[in-house]
Amino acid sequence: MNENELQTLVEQISLTYFKRPFNHQVKINNRMRTTGGRYFLKDHHIEINGHFLAENYRQDLIGIIKHELTHYHLHLLGKGYQHRNTDFKNLLKQVGGSRYTPDIGLRRKAKINYLYRCQNCGLIYPRVRKINTRRYYCGKCRGELRLIEKSN
Ligand SMILES: [Zn+2]
Ligand SMILES: [Zn+2]
């Protein structure tokens, strides 16, 4: 799933469960480790932990999106948008959002050192070790992978 597809998914979830449009931007954040997502009060954008974009975490991803949208809509409506607020607790329960970041082993996992992006479909591949991009292609579309970030 790339950023455009994620944007569409968030907009759909917003209309379906909150009956209100999401009119701001969603960004993928691959550096998040302990949180699934984050809502930014200043410009109302949402960031989603890129690790949850993999196909097998779809249910977790939806729970995370609902959680961030709960912050988003309550904040824009001038209601209690923080975790401790009753408005937040009630709305989160109503839409079935996740209360905690699902544990997919991110805390225990080795640090991600290399980030590759498919040049064709935009899928992100976080990797601990360097990979040979002449030998490995995107698992979804067979596109070429390119190193976009190296940390150390
Ligand atoms: Zn939260
Ligand atoms: Zn691809």
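This is a predicted model: local features need pLDDT of at least 70, side-chain atom pairs count only at pLDDT 80 or more; totals for chains, interfaces and linings use all residues.
Now compare another cysteine. Is Cys-141 buried, exposed or partly exposed? Cys-141 has a relative accessible area of 27%, so it counts as partly exposed, since that class lies between the 20% and 50% cut-offs. And how many disulfides turn up in the whole structure? The search finds zero.

Let's step back to the chain. Its domain assignment gives domain 1, covering 3-95, and domain 2, covering 114-150. Take the centres of domain 1 and domain 2 over their C-alpha atoms, and you get a separation of 27 Å.

So where do these two domains meet? On one side, four residues of domain 1 are in contact with five residues of domain 2. Between them, about 350 Å² of area is buried, and carbon and sulfur atoms give 49% of that. Three names to look for on your screen are Asn-30, Arg-31 and His-51: together they supply 75% of the area that domain 1 buries against domain 2, more than any other three residues.

What about charges? Two salt bridges are counted between domain 1 and domain 2. There is also one residue pair in polar contact between the domains, with both residues at pLDDT 80 or more. On the side of domain 1 that touches domain 2, we find two polar residues, two charged ones and no nonpolar ones.

Definitions and conventions. Residues are numbered from 1 along each chain as its sequence is written. Chains are lettered from A and ligands numbered from 1 in the order in which they are written. Side-chain values use heavy atoms; hydrogens and water are left out. Domain bounds come from an automatic or database domain assignment. Contact means heavy atoms within 4.5 Å. Buried area is the accessible area (1.4 Å probe) that two parts lose on being put together, summed over both. A salt bridge is a side-chain nitrogen of Lys or Arg within 4 Å of a carboxyl oxygen of Asp or Glu. A polar contact is a pair of N or O atoms within 3.5 Å; within protein, one must be able to donate a hydrogen and the other to accept it, and residues adjacent in sequence count only if both atoms are side-chain atoms. Ala, Val, Leu, Ile, Met, Phe, Trp, Tyr, Cys and Pro count as nonpolar, Asp, Glu, Lys and Arg as charged, and the others, Gly among them, as polar. A disulfide is a pair of cysteine sulfur atoms within 2.5 Å. Buried means under 20% relative accessible area, exposed over 50%, partly exposed in between (1.4 Å probe, protein chains only).
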